[in-house]
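Could you walk me through this structure, from its interior packing to its strands and charged pairs?

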Amino acid sequence: MTTSTTSDGRSATGEADDGQLLLPELVAHLRENRTALRREWANRITDADLLTSMTPQEVFSEATSVYDNYVGVLETGSVEALQDYARDLSERIIPRGVETEEVVGIVLLLRDVLARSLFEKYHQDFGLLNRVLDAYEPAANRIANTVAVSFVQERERVIRQQQEAIRELSTPVLQVRERLLILPIIGVLDGQRAQQLTEQLLGGIRRHRAKVVVVDVTGVPEVDAAVANHLVQTVDASRLMGAGVIITGLSSEIAQTLVRIGVDLTKMNTVGDLQGGIEEAERLLGFKVTRPTDDLR
C-alpha cells in the first residue's frame, strides 16, 4: 500500500490523525473565547446589514445558538443537531423575509471570525497554524453547507405550501347545498391552471358526492383553443363521475372560441349568469325555486 506525503514530509494518514488530535484543542479555544467571538460575530452581522428584519437582541440570541451548534459539530463531527436547529431557525426567520444569501452570509462571517481567532492564537508557529486550519476548514465548510441546504429545503417547502394555498384560493370549489357545487373562476385561465381546475373539481365531486356543478367563468376574459378544449374535457370527466356541469358567464370571446374549435355545444349546458345557473342547478336537483315576490302574495 502506498502512502502519499505532504510537503513537510508527513504522511497523509498522519496528517488526518494530526487533525483529529488538534480538533479538541480548537474546540477548547472556541469555548474559552465564546463570549468575545460571538459578540464580534453579531457585530459583523450588523455591520454587513444582514438579518435587518430582526432586532439586535434577536440577532445576538440566534448568534449564540448558532455558535454553540457550530462548536458542537466541530467537537462531535455530527451535523444532525445542527440540521434540526437550522430547520427550526428557518421556520422562524423565513416568514420575517430573511433571504438565503443572508443565511449563507452570516455562516461565512462566523467561519471568518473563527479563522481569524485561530490565526491570532497560532500565528507565531506557522506550521502549527497550517495544521490547525487544515483541521478546521473541512469541518467549517461542512457546517456552512449543512446550514445552507437546510435553509433552502425549508424555504422550498414554504414556497410549495404557499403555491398550493394560492392555487386553492384561485379556484375554490364551494358547496352551496347538498349535491351542488360552484366553481367560480377569476383571472387568466392557462393550461396549468386549467389542469389544476380539473383536479380540484373532480376531487370536490368525489368528496361531496355532487350531482350538479356550476362553473362560472364571468371573471375569465378569454381562453385559447387548448384551454377551451380542456374545459370541454372537464365537463366530460365530470359527467363520467355522475355530475352534470352548468357553465355560466360565457363572454362573447370565449363563446366564439368554442364555436371555432368545433365544440359539440349540445354537450354543454350554458346559462347566462351565476344566479340563473344556480336556479337551473336546483331545478335539476329537484328543489322548488321560489322568488321573494312569490312569498308575498
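What follows is a tour of a predicted model, taking the nonpolar cores, then the strands, and then the salt bridges.

Let's begin with the packing inside. The largest nonpolar core is made up of 49 residues, and within it Trp41 and Leu74 have the most contacts. Six helices each give at least two residues to this core: α1 (12–32), α2 (34–47), α3 (56–76), α4 (80–93), α5 (100–122) and α6 (126–170). Of these, α6 provides the largest share, with 13 residues.

Next, turn to the strands. Strand β1 covers residues 174–177 and strand β2 covers residues 180–186; the two pair in the antiparallel sense, over three bridges. You can follow the pairing residue by residue: Leu174 stands opposite Ile182 in β2, and Arg177 stands opposite Leu180 in β2. The hairpin formed by β1 and β2 has two residues between the strands, and Arg179 there takes a positive phi near 70°. As for how much of β2 is covered, five of its seven residues are buried.

Strand β3 (residues 212–219) runs parallel to β2, and six bridges join them. One of the places to look is Pro184, whose bridge partner in β3 is Asp216. To get from β2 to β3 the chain passes through helix α7 (residues 191–208), making a β-α-β crossover that is right-handed.

Thr248 is found in strand β4 (residues 244–248), and a polar contact of 2.6 Å joins the side chains of Thr248 and Asp216. Is Thr248 buried or exposed? Thr248 counts as buried because its relative accessible area is 0%, and the cut-off for buried is under 20%. Its surroundings can be listed as well: not counting residues up to four places away in sequence, Thr248 touches Val214, Val215, Asp216, Val217 and Thr218, together with Val271, Gly272, Asp273, Leu274 and Gly277.

Now for the charged side chains. Side chains of opposite charge can pair when their charged atoms come close.

Start with Glu75 and Arg31, whose side chains meet in a salt bridge at 2.9 Å, N to O. This pair links distant parts of the chain, with Glu75 in helix α3 and Arg31 in helix α1, 44 residues apart. Glu75 has 46% relative accessibility, so it counts as partly exposed. Arg31 is likewise partly exposed, at 44% relative accessibility.

Other pairs sit within one helix. Arg92 forms a salt bridge with Asp88, and their closest N and O atoms are 3.0 Å apart. Because Arg92 and Asp88 are four residues apart in helix α4, about one helical turn separates them. Arg92 is partly exposed at 35% relative accessibility, and Asp88 is partly exposed with a relative accessible area of 36%.

Arg157 and Glu154 are three residues apart in α6, about one turn of the helix.

Finally, have a look at a group of charged residues. Arg44, Asp112 and Arg116 are linked in a network of salt bridges.

Definitions and conventions: Residues are numbered from 1 along each chain as its sequence is written. This is a predicted model: local features need pLDDT of at least 70, side-chain atom pairs count only at pLDDT 80 or more; totals for chains, interfaces and linings use all residues. Side-chain values use heavy atoms; hydrogens and water are left out. A nonpolar core is a set of buried Ala, Val, Leu, Ile, Met, Phe, Trp, Tyr and Cys residues joined through side-chain atoms within 4.5 Å. Buried means under 20% relative accessible area, exposed over 50%, partly exposed in between (1.4 Å probe, protein chains only). Two strands pair if DSSP finds at least two bridges between them. A crossover is right-handed if, with the strands pointing away from the viewer, the path from the first strand over the helix to the second runs clockwise. A salt bridge is a side-chain nitrogen of Lys or Arg within 4 Å of a carboxyl oxygen of Asp or Glu. A polar contact is a pair of N or O atoms within 3.5 Å; within protein, one must be able to donate a hydrogen and the other to accept it, and residues adjacent in sequence count only if both atoms are side-chain atoms. Contact means heavy atoms within 4.5 Å.
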